[in-house]
Amino acid sequence: MLIFRHEDGGKIASPEQMQIWMKQTMDWIGGIAAQNKFTVGNGLPFDDSRVVWHNNVVTNGPFGDIKETIGGYIIVKAESVEEAVEFAKGCPVLQGDGNSVEVRKIARGDGTH
Amino acid sequence: METQQLIPHLFRTEYRKITAVLCKLFGIEHIEIAEDIASETFLAAVETWSYKGLPPNPTAWLYAVAKNKAKNHLTHYSIFNDKVAGRISEDDSLISEIEIDWSEHHITDSQLQMLFAICHPVISPESQIGLALRILCGFGIDEIADAFLTNKDLINKRLFRAKEKLRLEKVPIEFPGATEIDNRLQNVATTLYLLFNEGYYSESKDAVVRKDLCLEAMRLTYLLIENEQTNQPSINALMALMCFYSSRFEARKNENGEMILYHEQDENLWNAELISRGMHFLSNAATGDQISKYHIEASIAYWHTIKADTPEKWERILQLFNQLLYMEYSPIAALNRTYALSKVHGKAAAIEEAEKLDLKDNRFYFALLGELYKDIDNFKSKMNFHRALALAKTQTDRQTIQKQIDKL
């Protein structure tokens with residue numbers, strides 16, 4: 001799983017710029033899908049989000065002290081973590097200073113991983 | 001029309017109707033009897049008409065003869081049953097009074113219900129297409145074998161096994177229930193889509209057969225659109241894509257059967273009427289909240305009906321291919337996406353993406369690389385076209401690729 005961490009793009013960029021990033025992201029995922037390595041993915045919009053805390057305290061916004069939070073994810077079929085890292089390197093999110101893509105394995109759910 | 005021309009014509013249009021109606025009457029377990037009676041009816045027409053001349057209403061004549069043959073069959077069947085079972089048939093009166101409904105409405109329903117029966121998931125997609133061609137399109141075994149580039153024996157065996165399977169599973173000839181229709185309709189759509197592709201991409205030399213396959217796929221899809229229950233957005237999208245693709249049918253091959261690449265096609269040969277019908281079905285498809293792969297493919301095909309190479313066109317095509325690949329991977333979509341990418345982001349970027357596609361046994365893959373390297377590195381371009389040539393399957397394929405090499 002490739003998890004994108006970045007700021008809320010809508011706050012720092014124009015709609016035109018957002019559209020360009022969108023297209024770049026679509027092309028990037030399209031390139032992975034063209035290799036038959038794409039499984040599923042979702043963007044996670046920042047507006048109208050909530051954080052549920054201990055004791056059921058609910059606050060606006062998913063952000064604690066950090067600016068960059070999860071903006072989306074995709075799940076790919078990679079032979080190795082290195083291959084997934086190569087995919088991640090092409091992610092348009094990385095154009096932003098301080099943004100990152102986190103590469104994680106998905107547990108198989110068979111009790112042993 | 002003379003008898004010699006009329007009979008093949010009627011065979012084309014009426015054989016499938018007679019078979020579908022009789023099959024509906026007898027049940028799927030007697031599918032072969034329905035086919036036999038339909039064939040015998042035409043045999044009788046050939047004998048009688050050439051001797052006595054044409055009857056006033058040839059179609060009604062065929063239906064009447066088919067009905068009598070069906071009645072005779074049921075009588076024989078009941079006599080046999082009586083003797084074997086040693087009981088008096090209670091069905092005698094039923095048989096003598098049997099009425100067969102040849103109304104247009106019943107014929108259409110029977111054909112649609114047969115389509116659902118044939119596209120039952122218990123039989124393989126290949127068998128589904130084969131049976132659809134035989135039962136619903138009235139194709140001969142020769143023609144089916146030609147379409148699948150295989151021999152008659154294999155097709156006979158395949159159809160026989162498929163019919164056995166339908167018999168064993170007691171697949172009913174009826175519309176699926178309201179809750180099941182969506183699922184089953186997807187299966188029907190897949191079969192019609194494959195049937196169309198079989199015609200459009202077929203390597204069979206016989207152009208008439210290829211075109212007929214496409215037309216039959218469109219006719220059956222249209223039956224679905226005319227029926228209220230099955231007139232769904234994805235079916236309209238499927239119809240739209242068939243219209244757009246077939247609009248270029250005449251422009252895709254030259255008189256020697258050689259493939260003409262898209263950007264070299266004479267757009268005057270594109271069929272404007274089919275394009276406008278495609279747009280009609282595509283706009284009908286734009287209802288509901290589900291996007292099928294047919295919607296996306298139809299949209300891609302729509303953009304291809306615009307010949308001008310605008311940046312907008314290729315940007316839209318690229319995004320549509322991206323979307324198609326998210327939904328469902330296919331090598332051909334991956335290759336086409338890479339071609340669109342070259343139009344949007346240039347050849348160098350496309351080469352980089354192409355090298356990542358693991359399609360080293362696909363001739364189109366090397367043909368694409370050949371195309372992309374053209375004018376960038378003509379040596380590499382030639383090398384890739386040669387690899388494509390080595391993988392080519394047919395003579396026309398080889399000629400098409402050889403032409404590209406000669407141009408370099």
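Which residue lies over the face of Phe139(B), and at what distance from the ring centre?

Modeller: This is a predicted model. Arg12(B) is the residue over the face of Phe139(B), at 4.6 Å from the ring centre. UniProt, in an unreviewed entry, lists residues 10–75 of chain B as "domain: RNA polymerase sigma-70 region". That span is 86% helix and 0% strand. Its end C-alpha atoms lie 28 Å apart.

Now to the ring pairs. Over all chains, the structure holds 18 aromatic pairs. One of them joins Phe196(B) and Tyr200(B). Their centres are 5.8 Å apart, with 15 degrees between the planes. The pair counts as stacked, because planes under 30 degrees apart fall in that class. Both residues belong to helix H9 of chain B, which spans residues 181–200. They are 4 residues apart there, so about one helical turn separates them. Phe196(B) and Tyr200(B) are both buried.

Tyr200(B) has another partner, Tyr245(B). Here the centres lie 5.3 Å apart and the planes meet at 75 degrees, so this pair is edge-to-face. It links distant parts of the chain: Tyr200(B) is in helix H9, while Tyr245(B) is in helix H11 (residues 233–247), 45 residues apart. Tyr245(B) is buried, like Tyr200(B).

These rings belong to a cluster. Ring pairs connect Phe196(B), Tyr200(B), Tyr201(B), Tyr245(B) and Phe249(B). The charged end of Arg252(B) sits over the ring of Tyr200(B), 3.7 Å from its centre.

Methods. Residues numbered from 1 in each chain as written. Chains lettered and ligands numbered in written order. Predicted model: local features only at pLDDT ≥ 70, side-chain atom pairs only at ≥ 80, totals over all residues. Heavy atoms only, no water. UniProt positions renumbered as here; feature names shortened; annotations may be inferred. Helix = DSSP H or I, 4+ residues; strand = E, 2+ residues; numbered from the N terminus. Phe/Tyr/Trp six-rings, centres within 6.5 Å; stacked < 30°, edge-to-face > 60°. Buried < 20%, exposed > 50% of the residue type's maximum accessible area, 1.4 Å probe, protein only. Lys NZ or Arg CZ within 6 Å of the ring centre and 35° of its normal.
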